[in-house]
Amino acid sequence: MYKIGLSTCNNLSEEFFKNCGKSGIKVIEISATKENCDAISYRDIYNWCKKYSLEIWSFHLPFAPFDELDISRNDLSKKTVEYLSTLMEKASDIGVNKFVLHSSGEPISDDERGERLKIAKESLHKLAEKASRCGGVIAVENLPRTCLGKNSTEINELISVNDKLKVCFDTNHLLSENIVDFIKNVGDKIITTHISDYDFINERHWLPGEGKVDWQSVIKAYRDINYKGPWLYEIRLECPKTIYRNRDLTCEDFVRNANEIFKKFDTKVKVISIP
């Protein structure tokens with residue numbers, strides 16, 4: 001149904017890439033802290049992906065610490081745009097052509113929200129043009145709580161400044177809008193996704209089935225907008241403090257989880273289609 005993908009979530013060892021390839025994961029999102037991004041060996045990642053038959057799908061540009069990186073803050077936007085532009089140049093050398101981006105840190109008060117949106121849009125326009133020159137696109141991610149891009153209205157406003165801007169939909173970040181409504185309202189601007197479950201109270205990054213998301217509705221909504229990207233998990237292998245598991249996750253767990261969701265959807269479709 002969809003290629004199964006996984007974010008590195010700061011795990012940049014060859015062993016991780018090897019385990020991904022052996023498990024049946026097909027695509028990878030490079031994601032690392034600012035510190036690790038500064039020291040990353042793009043050539044190693046390229047070689048490991050080739051060695052273990054993995055496609056480098058996207059690169060999640062670093063978004064923290066908030067007091068150092070923020071495209072929506074007047075005192076940080078210029079420096080942040082320049083830094084992220086440098087990373088895009090380096091990543092594009094190994095074929096990366098999709099760059100996932102956060103539009104802000106937090107907290108953001110209601111009084112400053114308008115100005116922060118204005119600055120973020122100016123930054124996004126510059127980054128969209130830079131990504132294009134690197135042969136890629138920016139995928140703006142929806143974010144939780146007081147961050148910019150907390151619903152489809154704000155996401156559509158943010159990407160309106162440049163036709164080249166696209167969207168990364170994170171399924172566990174919506175706290176004030178229904179998931180299906182978000183997908184419908186943003187439509188084919190969604191080119192990639194971060195799959196994880198949550199309790200509708202705060203972001204949790206749980207494995208699907210551990211929270212409240214109706215995954216069959218998510219797939220149907222993706223089908224309705226003709227989504228062509230992967231089913232890409234953004235979940236750490238280590239158990240978070242917000243849930244109990246009797247062991248850490250493995251790469252095989254993500255493949256198994258995705259196939260169970262896909263199978264249930266296919267079975268449902270077949271049953272409905274019988275006269």
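Cys-37 is buried, at a relative accessible area of 1%; buried here stands for under 20% relative accessible area, exposed for over 50%, and partly exposed for the range in between, with a 1.4 Å probe and protein chains only. The model is a predicted one, in which local features need pLDDT of at least 70, side-chain atom pairs count only at pLDDT 80 or more, and totals for chains, interfaces and linings use all residues. Residues are numbered from 1 along each chain as its sequence is written, and side-chain values use heavy atoms, with hydrogens and water left out.

The cysteines come first. A disulfide is taken as a pair of cysteine sulfur atoms within 2.5 Å, and the count by this rule is zero. For Cys-37, the closest cysteine sulfur belongs to Cys-9 and lies 12 Å away, too far for a bond. The sulfur of Cys-239 also has its closest cysteine sulfur in Cys-9, at 14 Å, and this again is too far for a bond. Cys-239 is partly exposed, with a relative accessible area of 26%.

Charged side chains are the next topic. The structure contains 18 salt bridges, where a salt bridge means a side-chain nitrogen of Lys or Arg within 4 Å of a carboxyl oxygen of Asp or Glu. One of them pairs Asp-75 with Arg-73, and the closest N and O atoms are 2.7 Å apart. Asp-75 is exposed at 53% relative accessible area, whereas Arg-73 is partly exposed at 25%.

Another salt bridge joins Lys-130 to Glu-89, with an N to O distance of 2.3 Å. Lys-130 sits in helix H5 (residues 110-133) and Glu-89 in helix H4 (residues 77-92), so this pair ties together parts that are 41 residues apart in sequence. Helices are DSSP runs of H or I with at least four residues, strands are runs of E with at least two, and both are numbered from the N terminus. Lys-130 is buried, its relative accessible area being 14%, while Glu-89 is partly exposed at 37%.

Helix H5 also holds Glu-129, which meets Lys-164 of the loop between helix H6 (152-159) and strand E6 (166-170), so parts 35 residues apart in sequence are tied together.
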